Amino acid sequence: MQSKTQILAPGLNLFPNLKPPNKTLTFHQISVLILTFLAYASFHASRKPPSIVKSVLGPKINSNPSTIDSTVNLRESNSSSIDTGWAPFDGPEGTQRLGELDLAFLLSYSIGMYFAGHVGDRIDLRLFLVFGMMGSGIMTIIFGLGYWFSIHVLWFYVSVQIVCGIIQSIGWPCVVAVVGNWFGKSKRGLIMGVWNSHTSVGNIIGSVVASGVLEFGWGWSFMVPGMLVILVGVFVFFFLVVSPDDLGFEPIGKEIEMSVEEGGNVDNSVEKVESEKAGLLHQAENSDSLVTENSDTLQAENSDSLAAIGFLDAWRLPGVAPFAFCLFFSKLVAYTFLYWLPFYIRHTAIAGVHSSHKTAGILSTIFDIGGVCGGILAGLISDVIEARALTSIVFLLLSIPALVFYRVYGGLSMIANICLMFLSGLLVNGPYALITTAVAADLGTQTMIGGNSRALATVTAIIDGTGSVGAALGPLLAGYISTKGWNSVFLMLILSVFFASLFLIRIARTEIKGKLSEGKWSWNSVGTH
């Protein structure tokens, strides 16, 4: 199969100083991290409005009118759309309709994910990502237009969510593949853990922005995040560089892996890579066209190793299926919180009073703040102990009592609610973040497929696509089960966490045996202190 041709980002032609040798490999690695971080954070910011406006669109809350934020409550009471809901979501079956709306987006997202990764391995990732960002922004804005045009037809909102889900599925395989091109496996857990906080950061931004403009009408909660995605997409179009060899750098980790396989010293290998990069940069200084020529040469020499892996072949890679099904249940839990937590907070008394719409939306960001810390912590721990599955299982099992405590004691006081929500977010999102980034990158670049970096988007799409099926079911089930009580919803979440941990037991046992046989872990060392 012929290798795909990457078009250099036009921003680097507008600003030649951004090209080597003026800028180093490290500079471009940092730039890629920042750009892909902003790109996917904006994606998630545009997904947050449906959860923020649920309590506005859905059936009216039947509770004590007292509120934690009396000022906001007075402003909201003047809006009939906020008090009475929004047809067709304001009837007795309003929560079910809202759950079906989530299903429309997430199911189309999960289906699109499989195809997006397959396509992403074969075309320019930068242009593909920008297309996804622009389309997502436009569809988010179109959903919000339903407010100004007084649209009360269910099929309109469902149709918009289906198209938006398909387009948004482009984002994740693209950003993971780009980051995987620029970073080797060393400290990948920590790097990916920090980088993957874009999910929670995007949720926080989306929650704050959507909640902040909600008082002007729920349509603005979609309009502003939609414009944000489009704006970030412009920056990605102009400045994102997909791969190191697009600028004449050697593919990350390639020379090191070859030298280690031949019995060479890693330090010497690094020096060799840096020496060759320096020579390449010196040549690039004499001719601007050499960057493109060298990139083409590298692609020609490595056309076999860069051939995109087949869909079924990717499923057969060791570890892909267990982690994919683990993520199915992990994302079921994470996305139930993502889409229903503001609604749950609004309808659940804290210290005897109910929060306003705005307060509930902003308070829900505590879960995402915990998610940021959980992703970084899980990545750091997995790098230290070199065991991704074991780290994920520990986080998953600890999240079970955390969810129980949040449900039982979260309503005692605001402090208790915040602390338990933070802890739940940390433990739930930790393994979710680890699997979708470091694990996917590890599995997509394992040595048995010859360092095939173009398999990364396909493997990532399989793992996150399977997880997204669970993400689609979670909010839908929550919409139906919540009518029977929130205890039933939390029972569903706890069972899902338990099943997620079961899929990783065999891999975790293999990790433990491997470390013990290598002498990196020792039972004797545990008992010496």
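**Figure 1. Lys54 and Asp102 form a salt bridge in this predicted model**. The closest N and O atoms of Lys54 and Asp102 are 2.8 Å apart. Lys54 sits in helix α4 (residues 54-57), and Asp102 sits in helix α7 (residues 94-120). The two partners are 48 residues apart in sequence, so their pairing ties together separate parts. Lys54 has a relative accessible area of 1% and is buried. Asp102 is also buried, with a relative accessible area of 1%. The cut-off for burial is under 20% relative accessible area. Side chains of opposite charge can pair when their charged atoms come close.

**Figure 2. Arg388 pairs with Asp383 in a salt bridge**. Here the closest N and O atoms are 3.2 Å apart. Arg388 is buried, at a relative accessible area of 12%. Asp383 is buried too, and its relative accessible area is 12%. Elsewhere, salt bridges with shared partners join Glu93, Arg97 and Glu100 into one network. A search of the whole structure finds 6 salt bridges.

**Figure 3. Glu93 and Arg97 form a salt bridge**. Their closest N and O atoms lie 2.8 Å apart. Glu93 has 47% relative accessibility and counts as partly exposed. Arg97 has 19% relative accessibility and counts as buried. The cut-off explains the label on Arg97: buried means under 20% relative accessible area.

**Figure 4. Helix α8 packs with helix α9**. Helix α8 covers residues 125-148, and helix α9 covers residues 154-168. Their axes come within 9 Å. The crossing angle is roughly 165°. Angles over 145 degrees count as roughly antiparallel. The pair α8 and α9 is therefore roughly antiparallel. The crossing of α8 past α9 is left-handed.

**Figure 5. Helix α8 also packs with helix α13**. Helix α13 spans residues 220-239. The axes of α8 and α13 are 7 Å apart. Their packing angle is about 165°. That angle makes α8 roughly antiparallel to α13. The crossing of α8 past α13 is left-handed. Two packed helices are described by the angle between their axes and the distance between the axes.

**Figure 6. Gly146 lies in helix α8**. Gly146 counts as buried, at 0% relative accessibility. A view of Gly146 with Trp218 shows a pair that is 72 residues apart in sequence. In space, Gly146 and Trp218 are 9.5 Å apart, C-alpha to C-alpha.

**Figure 7. A nonpolar patch lies on the surface**. Its members are Phe325, Leu491, Leu495, Phe498, Phe499, Leu502, Phe503 and Ile505. Together these residues have about 690 Å² of accessible area. Helix α24 (residues 486-502) gives the most to the nonpolar patch, with 5 residues. Leu495 is placed in helix α24. Leu495 has 43% relative accessibility and counts as partly exposed.

Technical notes. Residues are numbered from 1 along each chain as its sequence is written. This is a predicted model: local features need pLDDT of at least 70, side-chain atom pairs count only at pLDDT 80 or more; totals for chains, interfaces and linings use all residues. Side-chain values use heavy atoms; hydrogens and water are left out. Patches are made of residues with over 30% relative accessible area and no salt bridge: like charges are joined within 9 Å, nonpolar side chains (Val, Leu, Ile, Met, Phe, Trp, Tyr) within 5 Å. Accessible areas come from the Shrake-Rupley method with a 1.4 Å probe; for residues, only the protein chains shown count as cover. A salt bridge is a side-chain nitrogen of Lys or Arg within 4 Å of a carboxyl oxygen of Asp or Glu. Helices (H or I, at least four residues) and strands (E, at least two) are DSSP runs, numbered from the N terminus. Buried means under 20% relative accessible area, exposed over 50%, partly exposed in between (1.4 Å probe, protein chains only). Axes are lines fitted to C-alpha atoms, for helices over the stretch in contact, and angles run from 0 to 180 degrees between N-to-C directions. Angles under 35 degrees count as roughly parallel, over 145 as roughly antiparallel, 65 to 115 as roughly perpendicular and the rest as oblique. A crossing is left-handed if the near helix is turned anticlockwise from the far one by less than a right angle, and right-handed if clockwise.
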